[in-house]
Amino acid sequence: MLHGPFGEDGTVQGLLKLANIAFVGAGVLGSAVGMDKDVMKRLLRDAGIPVARFILTSRYSQEAITFDYARGQLGLPLFIKPANLGSSVGIHKVKDRQGFEAALRDAFNYDNKVLIEECIVGREIECSVLGNDNPIASVPGEILPRHEFYSYEAKYLDENGAVLEIPAKLPSEISERIRQLALKTFSVLCCEGMARVDFFLRSGREIIVNELNTIPGFTRISMYPKLWEATGISCSELIDKLIELAIERFEREKRLKTDRERKPSA
């Protein structure tokens, strides 16, 4: 219900803060950063966390990004994505000039900023994170899509669109590196409560962060709770913990001063 703009981007979170109501998950800043793929990737890149190469284009840019320039910088195929959206809506895998132009037009239906991103050939690995100041990471899981990529159709419309392998079949050293990188990503992006960090594993050893989701899917078949179940935390225990984390943060923030005390005049 809260996926995407106006639910996952800090707007509802800001409303809840104004109403003095505790809520689960990232606050205003973490939610906003987690939704904006452009800002997210720049923060991760500056923190030394590996991300896919990308180009940003805007509806109001002085110079439009051409197909030839994008192909020269990123190769083919490549992906075109609205900067602020979720659930793979508006995302296209582009293989030629015609597809490039059509994908840009569609992506600009959803946002004024669009990412053009290199296509990474690798395994799709996900890791769940839980906590506030001292978060923990779950065992990693793997998505084995049966479509060309993990599209909206594969996620929501085709019940056989993907297979989830939990835990992922990974060497212990790679699994631990993914867990540590998930925690670092969570911290760099100012997250709290919960998040799911999505990775690519290229050539068996190179770990690349694709994105972080501040409100991951939470159905009985979703990766976030299933990863925690495999780690030893049941769904009911997970919900209790998330509520405790929300109350903990709420009580901590209530102790902060929000205005300057004035001394009484003589």
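Buried means under 20% relative accessible area, exposed means over 50%, and partly exposed is what lies in between (1.4 Å probe, protein chains only). You're looking at a predicted model, in which local features need pLDDT of at least 70 and side-chain atom pairs count only at pLDDT 80 or more, while totals for chains, interfaces and linings use all residues. Residues are numbered from 1 along each chain as its sequence is written, and side-chain values use heavy atoms, with hydrogens and water left out.

**Stop 1: Ser138**

Start by selecting Ser138, in the loop between S6 and strand S7 (141-145). Helices (H or I, at least four residues) and strands (E, at least two) are DSSP runs, numbered from the N terminus. Ser138 is buried, at a relative accessible area of 0%. What touches Ser138, leaving aside neighbours within four places in sequence? Show Cys127, Ser128, Arg179, Leu227, Trp228 and Thr231: each is in contact with Ser138, where contact means heavy atoms within 4.5 Å.

**Stop 2**

Now bring up the side chains: Tyr224, Pro225 and Trp228 of H8 meet Cys235, Leu238 and Leu242 of H9. The residues of this contact are six nonpolar, no polar and no charged. Ala, Val, Leu, Ile, Met, Phe, Trp, Tyr, Cys and Pro count as nonpolar, Asp, Glu, Lys and Arg as charged, and the others, Gly among them, as polar.

**Stop 3: along H7**

Select helix H7 (residues 172-188). At 1.5 Å a residue, its 17 residues should span 24 Å, and the end C-alpha atoms are 24 Å apart, which agrees; the expected span is 1.5 Å times one less than the number of residues. Which residues of H7 are buried? Colour Ile174, Ser175, Ile178, Leu181, Ala182, Leu183, Thr185 and Phe186. Their cover includes helix H3 (37-46), strand S5 (123-131), strand S6 (136-137), S9 and S10. Following H7 is Cys190, with a positive phi near 60°.

**Stop 4: salt bridges**

How many salt bridges are there? The count comes to 21, taking a salt bridge as a side-chain nitrogen of Lys or Arg within 4 Å of a carboxyl oxygen of Asp or Glu.

Glu173 pairs with Arg177 (3.5 Å, N to O); they sit four residues apart, so about one helical turn separates them. Glu173 also pairs with Arg205 at 3.2 Å, N to O. Arg205 lies 32 residues away, in the loop between strand S9 (193-202) and strand S10 (206-213), and is partly exposed at 47%.

Next, jump to Glu117 and Lys81, whose side chains meet in a salt bridge of 2.7 Å, N to O. Glu117 belongs to strand S4 (residues 113-118) and Lys81 to strand S2 (residues 78-82), 36 residues apart. Glu117 is buried at 2%, and Lys81 is buried at 7%.

Finish with Asp36, Asp38, Arg42 and Lys113, linked in a network of salt bridges.
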